[in-house]
Amino acid sequence: MTDTLSNTHAASLERTKLVRAGLRRRHMSEAIFRGLGLAAIVMALGFVALLFIDIGRKGIPAFTQSNLHLTVTFDPAVIEVGPAPARADFTSEAEYNAANLGWQREVALLNWNTIVEQAMRAAAPAGLDIDSRTLLTIPETDARHRIRALFVENPALLGQTVDVDVLASANATNWIKGNIDRSLGDAQQQLAAPARTLIDTLVENGTISNGFSWSIFTNVDSRAAPASAGLLGAFVGTLWMMLIVVALAVPIGVAAAVYLEEFAPKSRLTDFIEVNINNLAAVPSIVFGLLGAAAFINYMHLPISAPIVGGLVLTLMTLPTIIIATRGALLGVSPSLRQAALGMGASKTQMVFHHVLPVTFPSILTATILGIAHALGETAPLLLIGMKAFVAQVPTSPFDQATALPVQIYLWQGNENRNFFEPRTAAAIMVLLAVMICLNGVAIYLRSRLEKRA
Amino acid sequence: MKIALYASAAVIALAAFGTTAAFAQSRDTIQIAGSSTVLPFASIVAEEFSAAFPEFNTPVVGSGGTGGGLKQFCEGVGDNTIDIANASRKIKDSELEACTAAGVTDVREVQFGYDGIVFASSSSGPDFALTPIQVYKAIAAQVMVDGALVDNPYTKWSEIDAALPDQAISLAIPGTNHGTREVFQLEVVDAGAEEAGLPEGLTDDEKKAATTTFRQDVVIEISGDYTETLARLTSNPETVGVFGLSFYEQNTDSLKVATVNGILPSAETVAAGEYPVSRPLFFYVKGQHIGVVPGIEEYVQFFLSEQTSGAGGTLEAAGLIPQAADKTAEVLASFEAGAK
């Protein structure tokens, strides 16, 4: 009896020990799991922070630009050109346009650099010995176009003196901002010693000052005048493509999903289509680019480098995402809703369009915006349809040649003036990220609003 | 909901209409692609061209390397093919045949200046004074030692020549899609191989293999732009890279240039023909597109004008080495005369 008692006592002790050990193990594994989870979050955030800090550190300085405040004299001795044609002298609009174009070309072929040089000399300290070539490395090369544009707009400026702000050249900007190591010797500097001294003097006397770089947002890309290179062309190109994606991918995607989910008979064929849609979502984007080049450019003869082709390719890429998300959302609608609608005598179409589809709106919208955000950052397929070209115009229609924001980043990254374009590239990345964050913000806002309503 | 349905149907119909409308619409912007060496020059000309000729659109300039550009160029005639291919070497016979086969029969060659090819290393590293034979010995898979071809034994530059730095051999060269590669092969490797001598009795194919097979462990082929080569040099400062002279001149703060045969590359030494590794730059114009796509003729004339590619012109400031004015006049005359 005592034996059994002590035995049971010993057994219970044993059991307690086992339970305690088991508990400890469980607690330990829980602690380990929590620790790992926390470490994963810290690491992920760390990488994101590293990325943002690195891009911000490089990119933020690029949002300021160095401006040269020049006093420009439209010297009649240099601007030797007849008066601009007046509309009254011509009988037809076409004749006037031809004469006007001819006059503009005549103006364009004048040596405007002489005007820029005179203005630079006027700004420099008196008696400075500097040759005109070195002097002209300080203002950006588009200074002459800016001054010429003023004259073309208002030919009455001939002989007058006006204040004009022009950009400092990319190399001058590098020197002012310290993008290039200022302690390097003459042989390693991009600018000649007299130009560097003059820039420092001009910064001191206020002829050169830094201001917010609106040109990043208002100008198109430029290689002739790198300091004036901006994102406008790429931004509009991206906008055209996204319009095409929204206009095509959303209706086609939702219609396909509704048909497949609600109306199509379950058969081998629909199963096959379903498997293929899921596979399509996993196809690397570069394959869509190759497909686009073959189908839209070579076969359908759409223009190269045009947003229409980019938009179509990105539509193909976004379609599976939208179809899958919409189908998932339709599947999630409660059967009671359907049965209630059918029970009230609604037809199947009425049930789907009046009752089921509106409930899925928030999910469809989120999928669409996320799909577009994905398409917005897509670069690889665009490279294959010729959208990595240098385009110095704002596309006025989806059929004009254009680049896109991510491609512009790629192009700037490859520019040979590394010192100037590294910060510019980072600035472009910041703009792209800002657009994406805005899009995601809109998605979250709309979803929460629609969910409340539904 | 019905409205949304109708709207989507309308959008799809509109898109389909837009697509068909594109067939009829003809392109009014010059489309250019090709050599990444020529790209900066062509882009600058494109911008200046549209400033001087307000009635034309700014030409669009793509890259893809000389080979890639000529391939696009020779795809055929029509709106969806390019008008001009930039090239840093002459068009090959095989490429011309491809052109003819695709119906591109009027190919007009325009030579507009020169560019040097330089060897440059990290500015923090030692100086290099190279000769073609040393480069050949550094990168060929098999080299001559005591009259026989053996696997390349050199691991450091100093083992090839005591005057070279005591540094591991690593050379970043342009990939085969670049025109620069051809010139590098011809002017440096082939010249070096000839100087070093190959064993007698080799067939032509064996000779070609001996000079074009490089050691994969020390040679890095770059298919992208020079910035990619520069990135290699930054990550491994012991690498020597092959660049265009104009690219080097824009990055003198991070690069140090090597002499070849004792000559320092510069605009002057290349123009005078003293620096051995240089090449003419070209672009090829599709004659059949002249008059169809507006502005091609004017673009070529503007490109070859004194103020653009001549001495003291816009492109010289960007690193182009101008050719003699009478050569330019000759090129322009043969362009205007038409198909050759």
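The largest nonpolar core holds 185 residues, a nonpolar core being a set of buried Ala, Val, Leu, Ile, Met, Phe, Trp, Tyr and Cys residues joined through C-beta atoms within 7 Å. Buried means that 20 or more other C-beta atoms lie within 10 Å of the residue's own, with C-beta atoms placed from the backbone. This is a predicted model in which local features need pLDDT of at least 70 and side-chain atom pairs count only at pLDDT 80 or more, while totals for chains, interfaces and linings use all residues. Residues are numbered from 1 along each chain as its sequence is written, and chains are lettered from A and ligands numbered from 1 in the order in which they are written.

**Nonpolar core**

- The core members that touch the most others are Ile199(A), Val245(A), Val309(A), Ala42(B), Ala85(B), Phe283(B) and Tyr284(B).
- Helix α9 (residues 232-263) of chain A gives the most to this core, at 15 residues; helices (H or I, at least four residues) and strands (E, at least two) are DSSP runs, numbered from the N terminus.
- Beyond its neighbours within four places in sequence, Ile199(A) is in contact with Ile138(A), Ala172(A), Trp175(A), Ile176(A) and Ile208(A); contact means C-beta atoms, placed from the backbone, within 7 Å.

**Strand β3 of chain B**

- In strand β3 (residues 84-87) of chain B, Ile84(B) and Asn86(B) are buried on one side, and Ala85(B) and Ala87(B) are buried on the other.
- Strand β1 (residues 31-34) of chain B pairs with β3(B) in the parallel sense over three bridges, where pairing requires at least two bridges found by DSSP.
- Strand β13 (residues 278-286) of chain B pairs with β3(B) in the antiparallel sense over four bridges.
- Ala85(B) stands opposite Ala33(B) and also opposite Tyr284(B) in β13(B).

**Contact between chains A and B**

- Chain B contributes 44 residues and chain A contributes 46 residues.
- On the chain B side, the elements giving two or more residues are α1 (2-24), β1, α2 (39-52), β2 (60-61), α9 (226-235) and α10 (245-250).
- Of these, α2(B) gives the most, with nine residues.
- The chain B side has 19 nonpolar, 18 polar and seven charged residues; Ala, Val, Leu, Ile, Met, Phe, Trp, Tyr, Cys and Pro count as nonpolar, Asp, Glu, Lys and Arg as charged, and the others, Gly among them, as polar.

**Domains of chain A**

- Chain A is assigned domain 1 (64-212) and domain 2 (232-453), with bounds from an automatic or database domain assignment.
- The centres of the two domains, taken over C-alpha atoms, are 44 Å apart.
- Five residues of domain 1 are in contact with four residues of domain 2.
- The domain 1 side of this contact has two nonpolar, three polar and no charged residues.

Note on methods. Contact = placed C-beta atoms within 7 Å. Buried ≥ 20, exposed ≤ 12 C-beta atoms within 10 Å, placed from the backbone.
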